Structure formats: structure tokens, C-alpha cells
Amino acid sequence: MLLPNWRAILARAWSFRLIVAIALLQGLDYAMPYVGMSLPLPEGWLTPVTIVIAVLAAFSRLVPQRGLSDG
């Protein structure tokens, strides 16, 4: 069941923003072989960056955020 203030949560929650960033990075990881790895970035950077963002997303779920409440 959705919380009554789900729109405010989507707009303000850092955990949600970080999870979206993880999804985008994973999509980029999947697409890079098909585009010929044309990005000017060092090899092997995507996995550590994704792990760091995932840890931050998990931590942000534990930290109360201003302007958001559970109901």
C-alpha cells in the first residue's frame, strides 16, 4: 500500500534518487558493449561507482529526511 504522501517522497527522498541512479548506471553498463564503449572513461569504473551509490542508498534509508514522514 502506498503512503499518502508518496509524491512528496518521490520528489525529496535521497534513497529513491540514488536507486534511480543505480538503475541508470546498470542500464549504461548493459548498453556500453552495444555502443562500442565510446565513453571517454577508464575501464572498470562502473562497478565501484555503482557499489558506492548502492551503499549510500541503503544508508539513506536509515537517516530521517526533513519534510518527509511516514504518513
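What share of the 71 residues in the protein is buried? I got 20%, where buried means under 20% relative accessible area, exposed over 50% and partly exposed in between (1.4 Å probe, protein chains only).

**Ground rules.** I'm working from a predicted model, where local features need pLDDT of at least 70, side-chain atom pairs count only at pLDDT 80 or more, and totals for chains, interfaces and linings use all residues. Numbering starts from 1 along each chain as its sequence is written, and side-chain values use heavy atoms, with hydrogens and water left out.

**Overall layout.** I looked up the elements and found 3 helices and 0 strands; from the N terminus on, they run α-α-α. Helices (H or I, at least four residues) and strands (E, at least two) are DSSP runs, numbered from the N terminus.

I checked the surface too: the protein exposes about 5700 Å², and carbon and sulfur atoms supply 69% of that area. Accessible areas come from the Shrake-Rupley method with a 1.4 Å probe; for residues, only the protein chains shown count as cover.

Then I went through the contacts (heavy atoms within 4.5 Å). Of those between residues at least 6 apart in sequence, 70% join residues at least 24 apart.

**Helix 2 against helix 3.** How do helix 2 and helix 3 cross? Their axes come within 8 Å, at roughly 160°. Axes here are lines fitted to C-alpha atoms, for helices over the stretch in contact, and angles run from 0 to 180 degrees between N-to-C directions. That angle makes helix 2 roughly antiparallel to helix 3, since angles over 145 degrees count as roughly antiparallel, under 35 as roughly parallel, 65 to 115 as roughly perpendicular and the rest as oblique.

I also listed who makes the contact: helix 2 brings residues including Trp14, Ser15 and Leu18, while helix 3 brings, among others, Leu46, Val49 and Ser60. By class I noted 13 nonpolar, 4 polar and 1 charged residues. Ala, Val, Leu, Ile, Met, Phe, Trp, Tyr, Cys and Pro count as nonpolar, Asp, Glu, Lys and Arg as charged, and the others, Gly among them, as polar.

**Zooming in on Trp14 and Ser60.** Trp14 is in helix 2 (residues 14–31). Not counting residues up to four places away in sequence, Trp14 touches Ser60 and Gln65. I looked up the Gln65 pair: 51 residues apart in sequence, yet 8.2 Å apart in space, C-alpha to C-alpha.

Ser60 is in helix 3. Is Ser60 buried or exposed? Ser60 is buried, because its relative accessible area is 11%. Leaving aside neighbours within four places in sequence, I found Ser60 in contact with Trp14, Ser15, Leu18 and Gln65.
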